[in-house]
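Good morning, and thank you for making time for this talk. Please keep the sequence and the model in view while I speak.

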Amino acid sequence: MSYARASPSIAAPYTRTMRVGFTLVDVFSDVPFAGNQLCVVAAPPDDLDSATMQVLAREIGFSETTYVTAVREGGYDVRIFTPVSELPFAGHPTLGTAFALARLGVVPASVVQTSTVGDVPVEVDLGAGTATMRQLPAVFGEPFDDRVAVAAAAGVEPDDLGPGPIVPVSTGIVHLMVPVAGEDALRGASREDRGCVAVCARAGVESLYLFAVRGRGDVTARMFDRWAEIGEDPATGSAAGPLGAYLAEHDGAGMPGHMTIAQGAAVGRPSSMEVDVAHDEAGWVAFVGGGVRIVGGGWFDL
């Protein structure tokens, strides 16, 4: 599944003055100014349209900006925008939005987020500064067998790829799981723009999710997004769940069970994601969580 890229020429239809407040959140980190950045618009004006939402997401420049479009007992609706397009689901925006709303007292600590893909339960622990989501059951695509193209897109040699299959996996948004043969090869990877765009389009995915298993329950990963405007993501919760399901399916890293994914060091924002995977009647189900920190706030004057 892929989603249309917004035109960079879009302009907001500013017909009157409005003030749009926002909260800045760092997710998948125990300290501020690490992990993945998020802008949460908890109470957008009723007439804030999609084009303006996209403009503000591009203005803030984070990998995602969320807009809470409705709040009800035990849940809320959300729309999620990157600087270039709207997404049906994303990982760190789910945790960061739920945490920000719980801290504001708008929703309870146990809450259900509804986005385009459906309902995702989230548990917030304000005292511990953490949040955890239960993602949708994992869906596996057909293996992507052009290992030469994947290696070129990731800036590595084909021999640097690990022996496991390269497979699209989704728990709400599709990422391509790319095993890499060791941390040295993973550190040496470099996103090649045209190759990454081409492979993502052919595989029908949003990113290449490169990973190296360091030991039982211990994995390092890097995410190369299909779009250059996002580039390399420091923490990708929507790929962490699929990776947990992939490793459980292939008996890797001691999965199913618990694992920690380290990501983000290559872009100066070290991140840590805690993933638990279990099997039920729907298949592999991943619980993904980590630290959340509120780091600031402000408003847009339109």
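Which residue forms a salt bridge with Arg-72? In this predicted model, the partner of Arg-72 is Asp-77, and the closest N and O atoms of the two are 2.6 Å apart. As a general point, side chains of opposite charge can pair when their charged atoms come close.

The chain holds 6 helices and 17 strands. Its radius of gyration is 18 Å, close to the 19 Å that the globule rule gives for 302 residues, so the chain is as compact as a globular protein of that length. Along the principal axes, the C-alpha atoms fill a box of roughly 55 × 40 × 35 Å. Of the 302 residues in the chain, 55% are buried.

I now turn to one helix, H2. Helix H2 covers residues 91–104, which is 14 residues. From its first C-alpha to its last, H2 reaches 20 Å, close to the 20 Å expected at 1.5 Å a residue. How many of the 14 residues of H2 are buried? The count is 12, so H2 is largely enclosed by the rest of the structure.

What follows the helix deserves a moment. Just after H2, Gly-105 takes a positive phi of about 80°. Gly-105 sits in the loop between H2 and E6, and at 60% relative accessibility Gly-105 counts as exposed. Thr-116 lies 11 residues from Gly-105 along the chain, and the C-alpha atoms of these two are separated by 24 Å.

Strand E6, residues 110–115, and strand E7, residues 118–125, run antiparallel and are joined by 6 bridges. A hairpin of 2 residues connects E6 to E7. Which residue in E7 is the bridge partner of Ser-110? That partner is Glu-123.

E7 also pairs with strand E8, residues 130–134, in the antiparallel sense, here over 4 bridges. Asp-125 stands opposite Thr-130 in E8. The hairpin of E7 and E8 has 4 residues between the strands, and within this hairpin Gly-129 takes a positive phi near 70°. When you follow such strands on the screen, recall that in a regular strand the side chains alternate between the two faces of the sheet.

Finally, I return to the salt bridges, of which the count comes to 12. What does the salt bridge between Arg-269 and Asp-26 tie together? Its N to O distance is 3.1 Å. Arg-269 lies in the loop between strand E15 (257–263) and strand E16 (271–280), while Asp-26 lies in strand E1 (residues 19–27), so the pair ties together parts that are 243 residues apart in sequence. Both ends are covered: Arg-269 counts as buried at 14% relative accessibility, and Asp-26 counts as buried at 3%.

Another salt bridge brings together the side chains of Asp-146 and Arg-202, again at 3.1 Å from N to O. Asp-146 lies in the loop between strand E9 (139–140) and helix H3 (147–153), and Arg-202 lies in helix H5 (residues 193–203), so this pair ties together parts that are 56 residues apart in sequence. Here Asp-146, at 28% relative accessibility, is partly exposed, whereas Arg-202 is exposed, with a relative accessible area of 52%.

One further case involves three residues. Glu-183, Arg-214 and Asp-218 are linked in a network of salt bridges. With that network, I conclude the presentation, and I thank you for your attention.

Terms used:
Residues numbered from 1 in each chain as written. Heavy atoms only, no water. Expected span 1.5 Å × (residues − 1). Buried < 20%, exposed > 50% of the residue type's maximum accessible area, 1.4 Å probe, protein only. Pairing = 2+ DSSP bridges. Salt bridge = Lys/Arg side-chain N within 4 Å of Asp/Glu carboxyl O. Rg over C-alpha atoms; globule rule 2.2 N^0.38 Å.
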